[in-house]
Amino acid sequence: MSTVTVTFVLHDGEEIEASGAAGSTVLELAQSAGVEIEGACEGNMACSTCHVVVDETSFSSLPEPTEDEEEMLDLATGLKRTSRLGCQIEVSPAVDGMRLEVPRESRNMMGL
Ligand code: FES
């Protein structure tokens, strides 16, 4: 199985690289690399604490978000055109090198 590498860009400019098998989610990669993305509902699309902003090129290579994802995203603060829920993005070789901004607002929103 191929390995995909992505880079998380934190709000203070720090960059953290994370690699994982194709088919892993961005949330899983973040958690394995110690990136503070909360993912409060653990991928059940019941929060928006896994909100990330995808770079333009990779965004267009990703499958379209579902309507449910769009609805959850509407609740996220700091929403941008290329915003996605990290738990809904499965990485694949097509998005190797993807850059993901982690908005400050996605942290600790639920106080957990
Ligand atoms: S972890 Fe809650 S929607 Fe992604």
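V9 stands opposite E101 in strand 5 and, in the other direction of pairing, opposite E15 in strand 2. Helices and strands are taken here as DSSP runs (H or I over at least four residues for helices, E over at least two for strands), numbered from the N terminus, and two strands are said to pair if DSSP finds at least two bridges between them. The description rests on a predicted model, in which local features need pLDDT of at least 70, side-chain atom pairs count only at pLDDT 80 or more, and totals for chains, interfaces and linings use all residues. Residues are numbered from 1 along each chain as its sequence is written, and side-chain values use heavy atoms, with hydrogens and water left out.

Strand 1 (residues 3-9) and strand 5 pair in the parallel sense over three bridges. With strand 2, strand 1 pairs in the antiparallel sense over seven bridges, and F8 stands opposite I16 of strand 2. The hairpin of strands 1 and 2 has five residues between the strands, and G13 takes a positive phi near 95 degrees in this hairpin. Strand 1 is mostly covered, since five of its seven residues are buried (under 20% relative accessible area; exposed is over 50% and partly exposed in between, with a 1.4 Å probe and protein chains only).

Strand 3 (residues 51-54) and strand 5 (residues 99-101) run antiparallel and are joined by two bridges. In this pairing V53 stands opposite E101, the residue that V9 also stands opposite. Taken together, five strands form an open sheet of mixed pairing, in the order 2-1-5-3-4. Its edges are strand 2 (15-21) and strand 4 (83-85), each of which pairs on one side only. On average, neighbouring strands of this sheet are turned by 35 degrees against each other, direction ignored; the axes are lines fitted to C-alpha atoms, for helices over the stretch in contact, and angles run from 0 to 180 degrees between N-to-C directions. Strands of a sheet pair through backbone hydrogen bonds, either parallel or antiparallel.

Charged side chains were examined next. A salt bridge is defined as a side-chain nitrogen of Lys or Arg within 4 Å of a carboxyl oxygen of Asp or Glu, and by this rule the count comes to four. One of them joins E15 and R99, with the closest N and O atoms 2.7 Å apart. This pair links distant parts of the chain, E15 lying in strand 2 and R99 in strand 5, 84 residues apart. E15 is partly exposed, with a relative accessible area of 46%, and R99 is also partly exposed, at 36%.

In another salt bridge, the closest N and O atoms of E56 and R81 are 2.5 Å apart. E56 belongs to helix 2 (residues 56-61) and R81 to the loop between helix 3 (67-73) and strand 4, so that the pair links distant parts of the chain, 25 residues apart. The relative accessibility of E56 is 49%, and E56 therefore counts as partly exposed, whereas R81 is exposed at 60%.

A salt bridge is also formed by E69 and R84, whose closest N and O atoms are 2.7 Å apart. Here E69 of helix 3 is linked to R84 of strand 4, 15 residues apart in the chain. Both partners are buried: E69 has a relative accessible area of 2%, and R84 one of 4%. Side chains of opposite charge can pair when their charged atoms come close.

Neighbours within four places in sequence aside, I37 is in contact (heavy atoms within 4.5 Å) with F8, L27, A30, Q31, T49, C50, V52 and V102. In soluble globular proteins, nonpolar side chains tend to be buried together.

T25 lies in the loop between strand 2 and helix 1. The relative accessibility of T25 is 14%, and T25 therefore counts as buried. Residues up to four places away in sequence not counted, T25 touches G86, C87, I89 and E90.
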